[in-house]
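Dear colleague,

I am handing over a structure for you to look through, and below it you will find a short account of what turned up. Please keep it open beside the text as you read.

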Amino acid sequence: MSKRSQEIVNRLKGLGDSVISDIDAGKNPSLDIRMRALNNVYFDEQSGIIKLGNDQQKRFYFNLGQAKKFLQTLLIAKQIKVLLEQDKPALSIRQLFYTLKHDIPGAGENTFDEQDESDPLIEDVELMVDALREELNLIATPNGVMAGPMVVEDKTGDILDFTKMGSAGGAVPPIVEDDYFRIKEMNADYILVVEKYAVWNLLNQEKFWKKNNCILLTGKGQPARAERRLLARLGEEYDIPIYVFTDMDPWGYYIYSVYKYGSINLAFFSEKAACPRARYLGLSVKDVMNFDMPRSSWIKLNDEDHKRIAEISEYPWFKKDHWQKELADLKKFGYKIEQDALVSKSIEFTANNYLPSKIENRDYFD
């Protein structure tokens, strides 16, 4: 067992010892749970990260509304302890649900009925022991793929060279911590994160990463935990530029902000998975004229788009002047443009013209 795993096991034991102490003292056994409600989420201007506050609530055993959750929380903590102590293979959160789902003798109930009962309790345990889910030997399914000058040794001892992954690229694994995903070589000049797989795939086929000596990464839309954590690691460990390239719409802008600042729903995860050094490369409203985007590629903003523009305009991390201008310009323009639409100029336009021009001219913003 690694030193980090032993630390987590000790904290899990501490949770159990606390419950036993309550019982020995004749108290109602309880667990302290940090609240993950929106009113306990804030934007830390100094670090540039969305964070979870310190407000807590107690979960009691002798409480009709909380007793089952109390039991479920301890079941999850116990199973995680077993996984770590026995160095078992990492389980998906779905597999953990099935591992723990069974009848409660004499109660006429199951420990868990649906996965949506266990998922939020896993997040509670993450907070209680101050550890990433991935450090608890639990994984969610990642979506990301990447290519570029990086060589990694995985936990099995296999060497992964991301310059030799072919047209499909190399998968971002579900756990990207150093003891699972040890970066042996990384010689890129910068990292380019692409919103959509189809655009990433086109750039990969063009060997954009080779011509420009960069890491080319996509989370296939809204990134999963692994892609966010990997980018955060790269941002912490390597002093090179990081660019995010998305659609010109409020959804694309928000995807950029998730990589850079973190997310509201997973605020507790943001401190370990945000990349404050990331810069927004585009698409942006001024690109429409600067790159003469044909009108046939414009898509009229719908009511949902306008609603989303209004929502993100109020987020503190979008209050910077350049973002307020971008959002106002988008609303005034009245159309959105997908990054896929750059092929309307030519198939090679994105790789040979648009991206090199934006990077060379430092045409990006935070």
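**What was found**

The secondary structure of the protein chain comes to 13 helices and 19 strands, and please keep in mind from the start that this is a predicted model. Along its principal axes, the C-alpha trace of the chain spans about 75 × 45 × 40 Å. A compact globule of 366 residues would have a radius of gyration near 21 Å, and because the chain has 23 Å, the value agrees with that expectation.

Another open sheet has three strands in the order β11-β10-β13, with antiparallel pairing. Here β11 (159-161) and β13 (181-186) are the edge strands, and each has a single partner strand, so one side of each is left without a neighbour in the sheet. From one strand to the next, the twist averages 25 degrees. Three bridges connect β10 (residues 150-154) with β11, the two running antiparallel, and V152 stands opposite L160 in β11. Helix α7 packs on this sheet as well, touching β10 and β13, and its direction makes about 50 degrees with that of β13.

Finally, there is the question of empty space inside the model. Rolling a probe the size of a water molecule over the atoms shows where such space is left. A search of the whole structure finds one cavity of 30 Å³ or more, and the largest cavity has a volume of about 30 Å³. Which residues line the largest cavity? They are E134, A140, T141, P142, P174, A224, R225 and A226, and by class this lining has five nonpolar, one polar and two charged residues.

With best wishes

Terms used: Residues numbered from 1 in each chain as written. Predicted model: local features only at pLDDT ≥ 70, side-chain atom pairs only at ≥ 80, totals over all residues. Heavy atoms only, no water. 1 Å grid on protein atoms, 1.4 Å probe; cavity = no way out; pocket = protein on both sides within 12 Å on 5 of 7 lines; lining within 4 Å. Points joined across faces, edges and corners; volume = space filled by probe spheres on them. Nonpolar A, V, L, I, M, F, W, Y, C, P; charged D, E, K, R; others polar. Pairing = 2+ DSSP bridges. Helix = DSSP H or I, 4+ residues; strand = E, 2+ residues; numbered from the N terminus. Axes fitted to C-alpha atoms, helices over the stretch in contact; angles between N-to-C directions. Contact = heavy atoms within 4.5 Å. Rg over C-alpha atoms; globule rule 2.2 N^0.38 Å.
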